[in-house]
Amino acid sequence: MKWTALTEHRAKLGEGPFWDEPTQALYWVDIAGKQALRLIGENVQIWQMPEHVSAFIPTQSGDALVTLSSGVYRLDLDSPGLEPRLKLLCMADPQPGNRANEARCDPLGQLWLGTMQNNIGENGEDLPIERRSGGLFRVGAEGRVMPLLRGLGIPNTLLWSPDGTTVYFGESLDGTLYRHFIYPDGQLAPAEVWFGPHSRGGPDGSAMDARGYIWNARWDGNCLLRLHPDGHVDRVIELPVSRPTSCVFGGKDLKTLYITSAESPLGHPLDGAVLSMRVDVPGVACTRFAG
């Protein structure tokens, strides 16, 4: 598969790609750089956030959600990049010292947000993770928060089975992708191991294709793994970056895969870039926040 670097922009910790079908726009973030970015055509817009930001998701109301350390905020997309207008929607995780990490919307447009102990210093430096203080929360359209899981280390990957009864969820400290049955009341059944540790790096963010396969970015693994619905490796997609962080399907036919990445000690020229590549199967479309 051939890849290209989408822009010249390089992130410290690129994450959270979201493809918005109605506007044909790509949203993503630089967590450590405190930036929310949007690409429409060849135009990149950047909003400088006051805190670390882990996700940037458009809403049905016409603005966007940004998940910051202090809470989930609504961002006015017409506000200037250096003076973004933010309005608090909710504080999903009140635990001091935590920050937002993985965040995606389910097919109903509810936001699922994983949090963790903050591991990024004010200057973008790495801080040690000393406790599993994170959680998983679901946020409804009106901002009501439902806690789902506690005691998480580094939550990554949030995807739903085609029938909506199962959520796939990653715990990077365990090197494992789990799955949970979703009870009718919205709570989660105990975790089942779906894909365990693998020699090609640790699990980070993922995307699902139309056949139910999961494309998982492998931190420090220089690749994506395409995983069969039964949990075995179907394909290894080699990449020119050390630390791919997540991916999303986009383009008019949902057959373009966009891959975010982070800086690494190896200093490869494309580390931190957003890569794009054409693939042979379309993906599942992203869902905007319902509020």
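Student: How many residues line the largest pocket, and which of them lie nearest its centre?

Tutor: Start with the general idea: rolling a probe the size of a water molecule over the atoms shows where empty space is left. On a 1 Å grid over the protein atoms alone, a pocket is an open set of points with protein on both sides within 12 Å along at least five of seven lines, whereas a cavity is a set of points where a 1.4 Å probe fits but cannot get out; lining residues have an atom within 4 Å of a point. Here, 27 residues line the largest pocket, and L13, N119, D126, W219 and R243 lie nearest its centre. This is a predicted model, where local features need pLDDT of at least 70, side-chain atom pairs count only at pLDDT 80 or more, and totals for chains, interfaces and linings use all residues. Residues are numbered from 1 along each chain as its sequence is written, and side-chain values use heavy atoms, with hydrogens and water left out.

Student: What volume does the largest pocket have, and which strand gives the most to its lining?

Tutor: The volume is about 550 Å³ (the space filled by probe spheres set on the grid points, which are joined across faces, edges and corners). Strand β18 gives the most to the lining, with three residues. Strands are DSSP runs of E, at least two residues long, numbered from the N terminus. β10 (98–105), β18 and β22 (243–250) each supply at least two lining residues. By class, the lining has 11 nonpolar, eight polar and eight charged residues (Ala, Val, Leu, Ile, Met, Phe, Trp, Tyr, Cys and Pro count as nonpolar, Asp, Glu, Lys and Arg as charged, the others, Gly among them, as polar).

Student: And what about the second largest pocket: what is its volume?

Tutor: About 300 Å³. It has 18 lining residues, and C105, L159, W160, V284 and A285 are the closest to its centre. This time β14 gives the most to the lining, with three residues. The classes are 14 nonpolar, two polar and two charged.

Student: Which residues does UniProt list for "binding site"?

Tutor: The unreviewed UniProt entry lists E15, N156 and D204. They are spread over 190 residues of sequence, yet they cluster in space, with a largest C-alpha distance of 10.5 Å. E15 and N156 are also in the lining of the largest cavity. UniProt positions follow the numbering used here, feature names are shortened, and annotations may be inferred rather than shown by experiment.

Student: Is E15 buried or exposed?

Tutor: Buried means under 20% relative accessible area, exposed over 50%, and partly exposed in between (1.4 Å probe, protein chains only). E15, in strand β2 (residues 14–20), has 6% relative accessibility, so it counts as buried. D204, in strand β18 (residues 202–208), is buried too, at 6%.

Student: How many salt bridges does the structure hold?

Tutor: It holds 14, each a side-chain nitrogen of Lys or Arg within 4 Å of a carboxyl oxygen of Asp or Glu. In one of them, D20 pairs with R288, the closest N and O atoms being 2.8 Å apart. D20 lies in strand β2 and R288 in the segment after β24 (275–278), so the pair ties together parts 268 residues apart in sequence. D20 is buried, at 2% relative accessibility.

Student: Which residues are linked with R226 in a network of salt bridges?

Tutor: D209, D234, R235 and D280. R226 and D234 meet at 2.9 Å, N to O; R226 is buried at 3%, whereas D234 is partly exposed at 34%.

Terms used:
Helices (H or I, at least four residues) and strands (E, at least two) are DSSP runs, numbered from the N terminus.
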